[in-house]
Amino acid sequence: MVKITYLKKKELNKIKSLLAQYEFNDYRNYRLIKRELLDEYIFRHISDLLQKDAKIIIAKNNSTILGLVSLIDLPWETKYFGIKMSEMKYLIAKGSYEKKVKIKKALISFTLNACRQNGIRHLASKIDIEDFSSIHSLENCGFNLMGSHLTYFLNLKWLKIPKFKKLCQIRLFKKNDFKYLVELTRMYGPQLSRFNVDSNLPRQKSKKIYVKWVINSYKGKFADE
């Protein structure tokens with residue numbers, strides 16, 4: 001009998017065996033990083049979230065934890081769009097594909113109910129392109145694909161700097177550059193993003209989100225602060 005509930009702080013160490021079987025760590029393609037460090041990275045992140053009273057939802061059979069997902073508030077997006085927004089992170093389950101889908105659908109269903117109870121109107125989740133059990137579980141629960149994200153990494157040891165035909169100056173921006181940065185972003189910023197392809201979000205707000213990030217950066221804030 002699988003039970004869906006919230007992770008308690010005293011149960012934290014029990015998720016280690018689950019994380020040891022997680023194939024889709026964000027840094028798994030960085031071949032210099034040992035598997036033990038990858039597992040410890042996620043464990044510490046989940047531990048930090050729990051200390052900050054984020055909701056960590058688990059699937060368990062007696063004392064064995066079979067799956068988990070975290071529900072994280074998005075304060076910057078909530079303030080910008082004017083609706084309560086959150087993100088599901090680390091949608092993890094163990095077992096065969098069929099068992100994973102069953103557990104993940106139950107975790108997502110529980111999370112959606114938690115969103116309704118807490119007034120959350122927009123829920124996002126970023127999933128690895130090869131994590132088919134998570135992708136199919138989200139599809140079955142009514143989620144729509146809104147975009148894709150590529151992470152590039154570069155081995156600096158073998159990097160050869162290309163020769164430019166013309167020289168250009170690269171420097172930190174100055175106050176006089178601000179209006180040009182905003183205009184540049186307004187005219188040439190991403191035409192498609194996971195925000196402006198979402199018909200449930202205000203179109204004008206979605207169009208201007210990158211401009212807002214530039215303004216925040218100019219003020220010395222991180223874009224998602």
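Tutor: What follows is a short walk through some salt bridges here. This is a predicted model, where local features need pLDDT of at least 70 and side-chain atom pairs count only at pLDDT 80 or more, while totals for chains, interfaces and linings use all residues. Residues are numbered from 1 along each chain as its sequence is written, and side-chain values use heavy atoms, with hydrogens and water left out.

Student: What is the general idea?
Tutor: Side chains of opposite charge can pair when their charged atoms come close. A salt bridge is a side-chain nitrogen of Lys or Arg within 4 Å of a carboxyl oxygen of Asp or Glu.

Student: How many salt bridges does that rule give?
Tutor: Seven. One of them joins Glu11 and Lys60, at 2.8 Å from N to O. That pair links distant parts of the chain, 49 residues apart: Glu11 is in the loop between β1 (3-6) and α1 (16-19), and Lys60 is in strand β2 (residues 55-61). Helices (H or I, at least four residues) and strands (E, at least two) are DSSP runs, numbered from the N terminus.

Student: Is Glu11 buried or exposed?
Tutor: Buried, with a relative accessible area of 7%. Lys60 is buried too, at 17%. Buried means under 20% relative accessible area, exposed over 50%, and partly exposed in between (1.4 Å probe, protein chains only).

Student: Which helix holds both Arg44 and Glu40?
Tutor: Helix α2, where they sit four residues apart, about one turn of the helix. Arg44 counts as exposed at 54% relative accessibility, and Glu40 as partly exposed at 30%.
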